Each structure stands twice: as structure tokens, then as C-alpha cells.
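Here's a quick briefing to read alongside the model. Have the viewer open and follow along.

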Amino acid sequence: MITTTDAPPPTVDRWRPRRLRSGIDRAPRPNALYVLPAALFFGTFAVLPVIGVAVLSFTTWNGLGDPQPAGLANWQRLFTDDTVLAATGTTVLLTVLCWATQTPIALGLGVWAAGQQRNRAILSAVFFLPLLLSSAAIALLWKSILDPNFGVAAKLGGYIGFPDGNIIGHPRGALACIVLTVAWQFVPFHALLYQAGARNIPRVLYDAAVVDGVDRWEAFWHITLPQLRNTVITSSTLMIVGSLTYFETILLLTNGGPGDATHVLPFVMYVEGFRQYELSFAATIATVLVVFGTVLSLLIVRFSGFAKMRSTLEGL
Amino acid sequence: MAVLTSRGADGPDAPQRPGIRRRDPYDAPTRRRAVERPNYVSGVLTSVWLLIVAVPIVLMIFWSLERRSDYQKGPFSLPNSITVDNVREVWRFGFSTYMGNTAIVTAGSVALMLVLALPAAYGIVRSTSWFAGAAFRGFLIGLAIPAQATIIPVYWMMDQLGLFETLTAIILPTVAFQLPLVVLILSGALRDVSRELYEAMTVDGAGAFRIFWRLVLPMSRGSISTVCIFTGINAWNGFLFPLILTSEQGSRVVTLGLWNFQGQFAINIPGLMMAVLISTLPVFLLYLVARRWLVAGLAGVGGK
């Protein structure tokens, strides 16, 4: 999915000699034992936990002793729990806001950084700096900057409607702080995706546009953007599924507050599981997250023509 | 704005080049004329984002070198004197233990990842067994699993295995959830090794393992460094698995150390900023010496 930029188009094989195309050479082949350790390891520590999440959601377990069967009790509670319902709304809102903020910035930066000039390379080195920091470091850095007493927010808050500088203590302000922090952290990664995508656009398209007398904006709108369609889909999918990782940022930046203004589902899951020790109810929320994440990425792939990967090269 | 104007020479007003080069549609100067004239809109927007990225980092460095009394005068006041007391304070808080634990987790994760993923990628690309194909499809589906949603069964599993409170407990799920992407990157790179080279190896009468050791590993050095860095940085910066799988000071890693520090000395921002800087230092040094591999590894795109 992400590695497609590296692989030659599969159609190339068609012109190879038959023996080599069908993968028949005389070199000895490795047996399945080469794959077995990785497959077993992945099955044990990644697939089994996913199944475990679903199983645990039908039990009752407080972390001590063994889980006991509990039927549908957790699921009944899930659909009537006010915290969960409110958190669902917040999660959707935050995901949409983060997507709408990051996509245009990352797209612009990526296309810009795809140029070959020296100064772009130097500036790109600065743009990618946030990639080096951990979520924890970034959240704590921004928490200091947004500190209502000594931080930058104390000085600048007045200009954007927060005279006391307490942006992070206001329900809407806290959400905005998270969106800003998340964008600061993840825009470089998505810009890299767009940079790789923009470098793969065939030059001949732009040359043809020059012949037609197209200006830069039209070239961007009618060539760059349609050519980057698959990158947009990849990046958006990663952003939406990745919105689950905002948990760390929220825990450190706002701790879910003020009140429950920044309670998102992964945060509620953590609180229920590891502060209230209602681990089976937390597993129920986790099940929703797994299903939600997987279904959403599948839907995006299905309805945006991601499967027709090669269609951007039509007519060349 | 020198950034934007310096390219003017290659713009539409530049002197025309000899005709024969201009007729080639793939000719680089032609392309530059088409789409890379100075673009002021994108230049301004890029500069704004540059400020948004750079200012917090510059502030962090300033604050980390300030005394607390200087810091409290205001966020933009330059430090009267530079102090390294903050380093001592961070170290006294036990950061050597945290850094050491993180180093062990990082090294362990990278080593385990290579041992598992390299043979797997080789098997997936070259094996004729049905199992290799099935495993590859399994890894592809596994890309969609959100690690965050599995913390409760992982916690239960590590508890049952008696690994709670150990660094091994952090390494195992960290590697497992990155395995699909790493296998995907490596097998993509291995597909580029030509069949002719495999054929050539048979002249020596090499077996499958010798081909793996003598041909596949040397040919995929580039992607091996990429996945090492990708795995290493994710392990170094990991937060969630350490959070739920360890609780004692002695087994905590550096990301949790930062959180603890902030919890105990909430108003000591200079100390906290120094702690953040120290926690990032190894990654930053790596960035200086191997930026290309690092960016490729972070993006997981294979270095385009």
C-alpha cells in the first residue's frame, strides 16, 4: 500500500521470457520454515489479542483472577453509557477536524518539497524535525507552550479571544490545542507521502499542459491533484485509522479535560481499563474501535477506486 | 524570501537554450519552465508553516538552558545566563535508568525484528509453498489492526506469561505490530533482486540458506537500514505498551520518565524541556549523520 512507489508496474513481467516470468529459475527455493517464525509471532502477539478483545467483551473482569462469562452485559451498557456516547461524538469531531487541517497543509508541503532545488532540501530538513520527537515529548512541549501562566498562550491568548490565556482550559480551546499539536506532529509524515507521490507524476503531463497554455493553478488542479488521488486516499486512511493514536497526546496534553471535553473513545477505554479496572468493559470499547477502524479503511479503499491503482497512468 | 527569487534565472525570462534539447519532452529545463517558476503563494504558506515548526523547537532549546527565575519573566525573554543545572536535575531524577531501559528495548526490538522479518520476506518472495502466500495475505490484513485497541489482551497475556514489569514484555508487542509493514517493505525490495542473480548463485551449487546469506542480505542493505531505523525510532518513542506493561521506576522507559517528571515538577518547565531534549538527543544525532535513511525509515516508503 505505501510501498507501491518502489515496485515496478506489475505489467512489466509480461515482456519477460516465459521461464523467468512464471518464476521458474533453477535456484533452490526456501521452504515455508523461513516464514513460519514471523507468522507464528504475529499470530501470537497481534492477531490473538484482537480475538481476545472480542472474547473479553463478553466477560466480566476487573484485572484480578480470571475473566468470568457475562453474556451481553457489557454491550448493553455500551449503548446506554453517557460517557461512551459523548466520547463517540468527540472522536468523530476530532478525526474530521484533524483530517481537514492536516490534508491541505501536508499536500501543499509535499508538492512543494518534491522540487529538486537545494534550498528546498535544506528547508525540508527543518520541516521533518517533528518526526524525530516522541508523542510524549511533543505533547509536553506543547503543554508548556500552551501553559496559561508562563507559556506563549499567556501572551497571545488575548488576540484570539482568550484574554486570560487559558486556551487549554476552555472546552473548545482544548480541542483546538489537540488539533494543532496533532497536526504539528503528523503533517511531516503525510507531507513525505505526498512528496513521494508528486515525484512520481510523469513530467510529460506538465509539458503537455505548457503547450496548452495552462497556468500554475490550473496545472495543480487538473494534473497534480488528480494524479495524487491514490496518495490522498492512502494518507487519509492512515490519518483516520491513526486517529486512535491521539490517545497519548490527549492523555499528556489535556488528560481528557476540561471536564470531559476531550474524552475520545481510546481515552475512555484506557480510563475504564486501567483506572477503574473495568477491563472487560474497556475491551468492549476496544472491539468497537477495531471494527470501526477496519471497516472505515475498507470503505475508503472500496469507494474511492484505490483498487484501480494504475488508472492514473491511462493514456500514457 | 531569497528562497523564492533565487530560482528566477530558470524562469520564463531565462535565455532560450539550443533548440535540440528543447524538443525532448523529458528534458529537465523544459519541465522547470513549466511548473517551477517562483510560486509566491506556496512560498508564503511554506514560510508560515516553517515558523510554526521552528518556533516551538527554538523555544524548547532556549527554555531548557534557562534558570527557572529567568523563564518566569515571560516566554520570549532571552536567558540572562545559560545554565546546565537542568541537566543535573534531570539526571538526578533517574534519567540514566530510563535511557538505559529505552536503549535495551530499542536494540532488542531491532534485533528481534530482523531475525523474524528478513527470512520471512525471503520466504514470501521466493518460496513456492502455499503457506508463504497465505502468510503474506495475513500480514497485509494485519496492517489495519490498531495496536491501541489491543492493550487489554496484551496486558493479560504478558501477565499470564509472567513478563509483566519486564522490558521483554514491551519488546514483544512493539515488534509484532510493526512486523506487517516491515515485511511489506522488505519483500518489496527483494522482488527487485533479478532472477538472473539467483540463477548465477546456482553455479556455485549454493543452497537456499547460502543464497539468503550471500545474495539476499547484501542486495537489500538499503531497505535493511530503512527498517532498522523505522523499528528503532518507533521502539525508542513508544509510550502505550510501556505504560500498561510496566509500573515500577526500575523498568520504566524514557517516554514515561518524561511524563513522571512533568507529574512531579509541573512548574519546572526548564527542567522538563531539558528532559525532552535529552530524550530526543540520540534520534537527533542519527538524523544528522543519516538523514536520508532516517526520513525513508520514518515514512516507511523505501527511500524514494
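For helix packing, axes are lines fitted to C-alpha atoms, over the stretch in contact for helices, and angles run from 0 to 180 degrees between N-to-C directions. Helices (H or I, at least four residues) and strands (E, at least two) are DSSP runs, numbered from the N terminus. This is a predicted model, where local features need pLDDT of at least 70 and side-chain atom pairs count only at pLDDT 80 or more, while totals for chains, interfaces and linings use all residues. Residues are numbered from 1 along each chain as its sequence is written, and chains are lettered from A and ligands numbered from 1 in the order in which they are written.

**A helix pair across the chains**

- Helix H6 (residues 135–145) of chain A packs against helix H14 (residues 254–264) of chain B at an angle of about 25°, and their axes are 8 Å apart.
- The H6(A)–H14(B) crossing is left-handed, meaning that the near helix is turned anticlockwise from the far one by less than a right angle (clockwise would be right-handed).
- On the H6(A) side, Ala136(A), Ala137(A) and Leu140(A) meet Thr255(B), Leu258(B), Trp259(B) and Gln262(B) of H14(B); two residues are in contact if their C-beta atoms, placed from the backbone, lie within 7 Å.
- The residues of this helix contact split into 5 nonpolar, 2 polar and no charged. Here Ala, Val, Leu, Ile, Met, Phe, Trp, Tyr, Cys and Pro count as nonpolar, Asp, Glu, Lys and Arg as charged, and the others, Gly among them, as polar.

**The whole A–B contact**

- Chain A puts 91 residues into the contact and chain B puts in 100 residues.
- Helix H2 (residues 36–56) of chain A supplies the largest share of chain A's side, 13 residues.
- That side of chain A has 64 nonpolar, 17 polar and 10 charged residues.

**Core and chain B**

- The largest nonpolar core has 156 residues, and Ala286(A), Ala117(B), Ile152(B), Val182(B), Val183(B) and Val276(B) touch the most other members. Such a core is a set of buried Ala, Val, Leu, Ile, Met, Phe, Trp, Tyr and Cys residues joined through C-beta atoms within 7 Å.
- Helix H9 (residues 167–190) of chain B gives this core its largest share, 16 residues.
- Leaving out residues up to four places away in sequence, Val276(B) touches Ala137(A), Leu140(A), Leu141(A), Met60(B) and Leu258(B).
- Chain B comes to 16 helices and 0 strands, and 45% of its 304 residues are buried (20 or more other C-beta atoms within 10 Å of a residue's own, with C-beta atoms placed from the backbone; exposed is 12 or fewer, partly exposed in between).
- Among chain B contacts between residues at least 6 apart in sequence, 76% join residues at least 24 apart.

**Residues to click on in chain A**

- Gln195(A) sits in helix H8 (residues 171–199) of chain A and is buried because 27 other C-beta atoms lie within 10 Å.
- Gln195(A) touches Gly110(A), Ala113(A) and Ala114(A), not counting residues up to four places away in sequence.
- Asn255(A), in the loop between helix H12 (246–253) and helix H13 (265–274) of chain A, has phi near 50°, a positive value in a residue other than glycine.
- Tyr277(A), in the loop between H13 and helix H14 (279–303) of chain A, has phi near 55°, again positive in a residue other than glycine.
- Asn255(A) is partly exposed, with 13 other C-beta atoms within 10 Å, and Tyr277(A) counts as partly exposed with 13 C-beta neighbours inside 10 Å.
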